[in-house]
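The sequence and the structure come first.

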Amino acid sequence: MTGDDFISFAVQLLSSPDSSEAARRTIISRAYYGAFHLARSFLAELGVKVGREHGDVWKCLGSSGVQIAKQAATRLAMLHENRTMADYDLTSVKPNN
């Protein structure tokens with residue numbers, strides 16, 4: 001199981017005729033976890049050890065001094081915010097947009 005598997009599943013759901021709110025929220029969640037695991041694996045391949053704390057991954061990327069890593073950190077943090085909303089704020093209408 002890899003981050004790519006989560007992203008592939010999110011794409012599969014996005015392409016399906018199921019346009020329910022539950023499907024959209026699941027797409028957001030799986031896309032985030034896919035990106036998180038890909039970033040964590042990338043850092044591990046470089047020999048960088050990060051824990052399971054989600055913020056540790058994007059903080060490590062953001063403090064790297066590499067522009068593309070900083071951009072990835074920002075996007076990962078935004079995805080996390082959207083994932084948290086999709087999973088926990090069931091009154092939010094944002095997944096419908």
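The crossing of H3 and H4 is left-handed. This is a feature of a predicted model. The two axes, H3 and H4, approach to within 7 Å and cross at roughly 155°, which makes H3 roughly antiparallel to H4. On the H3 side the contact is made by His54, Val57, Trp58, Leu61 and Gly62. Their partners in H4 are Ala69, Lys70, Ala72, Ala73, Leu76, Ala77 and His80.

H2 also passes H4 in a left-handed crossing. Here the angle is about 145° and the axes are 8 Å apart. H2 contributes Arg25, Ile28, Ser29, Tyr32, Tyr33, Ala35, Phe36 and Ala39 to this contact. They meet Leu76, Leu79, His80, Asn82, Arg83, Met85, Ala86 and Asp87 of H4.

## Overall layout

The protein has four helices and zero strands, and its elements run α-α-α-α from the N terminus on. The C-alpha trace spans about 40 × 25 × 25 Å along its principal axes. Of the 97 residues, 29% count as buried. Among contacts between residues at least 6 apart in sequence, 47% join residues at least 24 apart.

## The buried face of H3

Helix H3 covers residues 54-62, and its buried residues are His54, Gly55, Val57, Trp58 and Leu61. Viewed down the helix axis, these residues fall within an arc of 160°, so they line one face of H3. An α-helix has 3.6 residues a turn, so residues three or four places apart point the same way. The cover over the buried residues of H3 includes helix H2 (21-45) and helix H4 (67-88).

## The largest nonpolar core

Which residues make up the largest nonpolar core? The set has twelve residues in all: Phe6, Tyr32, Tyr33, Phe36, Ala39, Leu43, Val57, Trp58, Leu61, Ala69, Ala73 and Leu76. H2, H3 and H4 are the elements that give two or more residues to this core. The largest share, five residues, comes from H2. In soluble globular proteins, nonpolar side chains tend to be buried together.

Tyr32 is one of the core residues. Residues up to four places away in sequence aside, Tyr32 touches His54, Trp58, Leu76, Leu79, His80 and Arg83.

Arg83 is found in helix H4. Is Arg83 buried or exposed? At 6% relative accessibility, Arg83 counts as buried, because the cut-off for buried is under 20%. Leaving aside neighbours within four places in sequence, Arg83 is in contact with Ile28, Ser29, Tyr32, Tyr33 and Tyr88.

Ala10 lies in helix H1, which runs over residues 3-15. Ala10 has a relative accessible area of 5% and is therefore buried. Its contacts, not counting residues up to four places away in sequence, are Ile27, Arg30 and Ala31. Ala10 and Ile27 are 17 residues apart in sequence, and their C-alpha atoms are 4.7 Å apart in space.

Note on methods:
Residues are numbered from 1 along each chain as its sequence is written. This is a predicted model: local features need pLDDT of at least 70, side-chain atom pairs count only at pLDDT 80 or more; totals for chains, interfaces and linings use all residues. Side-chain values use heavy atoms; hydrogens and water are left out. Buried means under 20% relative accessible area, exposed over 50%, partly exposed in between (1.4 Å probe, protein chains only). The arc is that of the directions from the helix axis to the C-beta atoms. Contact means heavy atoms within 4.5 Å. A nonpolar core is a set of buried Ala, Val, Leu, Ile, Met, Phe, Trp, Tyr and Cys residues joined through side-chain atoms within 4.5 Å. Axes are lines fitted to C-alpha atoms, for helices over the stretch in contact, and angles run from 0 to 180 degrees between N-to-C directions. Angles under 35 degrees count as roughly parallel, over 145 as roughly antiparallel, 65 to 115 as roughly perpendicular and the rest as oblique. A crossing is left-handed if the near helix is turned anticlockwise from the far one by less than a right angle, and right-handed if clockwise.
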